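User: Hi, I'm new to this one. Could you walk me through it?
Analyst: Happy to, let's bring it up.

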Amino acid sequence: MNPSRPPLGDSSLAALVKGYNWLPDLRSRTAGPLVRVRVMGQHAVALCGPEAVRFFYDEGHVERATALPGPVLSTLFGRGAVHTLDGTAHRVRKDMFLSLLTGREAVAGLVDEVASAWDEAVDVWSGQPSVVLFDEASRVLTQGVCRWAGIPLDDAGETARDLVAMVDGFATAGPRHWRARRARSRSEAWLARLVEDVREGAAPAPAGSPLDAVARHRDADGRTLDPHTAAVELLNIVRPTAAVCWFVTYAGHALHFRPEIRQRLAEDDPAYAVAFAHELRRFYPFAPFIGGRAVADLEWQGERIPAGTLILLDLYGQNHDPDLWDRPLVLDPRRFLDGPPDRDTLVPQGGGDRATGHRCPGEDATIALLAALGPRLARLEYDVPAQDLRIPLSRIPARVRSGFVMERVHVPMRPLATSRAAG
């Protein structure tokens with residue numbers, strides 16, 4: 001067989017069945033620097049490791065615009081999104097996201113709104129016999145990000161369900177996928193009307209808010225975004241923020257099984273909170289892999305990759321690779337206490353340079369949100385009833401099956417200074 005060609009059999013079904021373990025299993029059984037497969041009838045190669053990340057994010061090697069499947073665009077990203085652009089068009093659109101989602105001041109504003117929404121929600125939880133952390137975190141994050149973005153909300157719970165549905169249904173067929181499509185259609189129509197109202201002066205947009213920035217943004221061609229594309233990009237700001245509920249729920253899972261981490265996280269230690277956020281993103285499953293397409297005949301470590309080949313970057317496998325991580329199957333925030341992780345080694349949301357490539361511009365916001373909410377969760381008191389806390393890796397995106405149910409939630413009373421002194 002020609003070594004530059006994939007096997008004749010298609011691996012699409014195996015990918016659906018094995019989920020996150022599909023590419024790591026293939027790589028473990030394949031000699032050489034890459035895996036050749038056929039998926040969706042296409043020749044594909046799978047790469048892994050920091051050098052592979054740098055290779056993948058080189059625009060002279062890989063383009064993203066033609067590699068995103070239609071079902072993913074119709075659910076997760078939206079048609080016409082920044083993810084579908086390359087070159088100058090991508091950089092100009094991406095600059096808008098970077099201006100909104102990077103920098104201490106921008107991120108702090110978002111974190112403040114979400115933290116405020118969390119504190120308000122906790123008062124409500126304390127009056128309920130039980131709450132589901134996944135659902136409540138999605139509402140909190142949706143309410144906070146929409147306040148920060150300048151987007152008025154009639155029902156935070158309904159909006160949160162739509163945002164979660166878009167993420168939950170992007171990689172599957174059946175009811176979850178069609179629920180995601182309907183949620184996106186509703187949300188795009190709502191936000192397109194809002195953008196039109198802002199431009200006509202019929203609705204306010206706080207100066208400098210994401211709503212204001214998206215409504216005024218001009219692309220590389222000098223034109224403002226049409227209302228539909230503007231709605232898509234607004235969703236690409238608020239949807240990923242709402243999706244942090246996956247990691248907040250994973251935080252509840254981690255703190256339940258590792259009480260020593262919970263105790264340390266409850267202390268006022270910002271460095272440990274950030275390390276915990278990094279380790280959550282490394283340890284728990286989120287994005288399994290990402291794809292692009294070879295723009296020319298390429299070579300990777302002596303292996304030919306013909307032009308047009310689908311190139312997959314194994315994110316989950318890299319974040320659990322024993323050649324890169326000491327005890328990769330152990331949750332240990334201490335691994336990040338000495339400093340931030342290498343850019344191209346920890347890749348839960350992709351790698352590369354976020355200013356020039358396709359790396360998620362909201363990564364700083366994700367880390368800051370988890371560093372703020374993780375200690376708040378650790379300081380709560382609650383009971384964890386019997387429930388299904390498994391996280392099946394065959395499901396994409398994976399999630400805690402029960403959503404993490406908490407009973408009798410309350411904020412413990414802090415002892416008075418005089419009491420501590422007396423003790």
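**A first look around**

User: Which residues touch the most other members of the largest nonpolar core?
Analyst: Those are W118, W125, W246, Y250, L377 and M406, in a core of 97 residues. A nonpolar core here is a set of buried Ala, Val, Leu, Ile, Met, Phe, Trp, Tyr and Cys residues joined through side-chain atoms within 4.5 Å. Buried means under 20% relative accessible area, exposed means over 50%, and partly exposed is in between (1.4 Å probe, protein chains only). Another core, of 18 residues, lies apart from it, and its members include L47, A52, W300 and V347.

User: Before we go on, what kind of model is this?
Analyst: It is a predicted model: local features need pLDDT of at least 70, side-chain atom pairs count only at pLDDT 80 or more, and totals for chains, interfaces and linings use all residues. Residues are numbered from 1 along each chain as its sequence is written, and side-chain values use heavy atoms, with hydrogens and water left out.

User: Thanks! What is M406 in contact with?
Analyst: Leaving aside neighbours within four places in sequence, M406 contacts W125, P129, S130, V131, L133, L377, Y382 and D383. Contact means heavy atoms within 4.5 Å.

User: Switching to charges: how many salt bridges are there in the whole structure?
Analyst: A search finds 27. Each is a side-chain nitrogen of Lys or Arg within 4 Å of a carboxyl oxygen of Asp or Glu. One of them pairs D168 with R395, with the closest N and O atoms 2.8 Å apart.

User: And where do D168 and R395 lie?
Analyst: D168 lies in helix α8 (residues 156–168) and R395 in the loop between β9 (381–383) and β10 (405–410), so the pair ties together parts 227 residues apart in sequence. Helices (H or I, at least four residues) and strands (E, at least two) are DSSP runs, numbered from the N terminus.

User: What about R216 and D212, how far apart are they in helix α10?
Analyst: They are four residues apart in helix α10 (residues 210–216), so about one helical turn separates them. R216 is exposed, at 53% relative accessible area, whereas D212 counts as buried at 12%.
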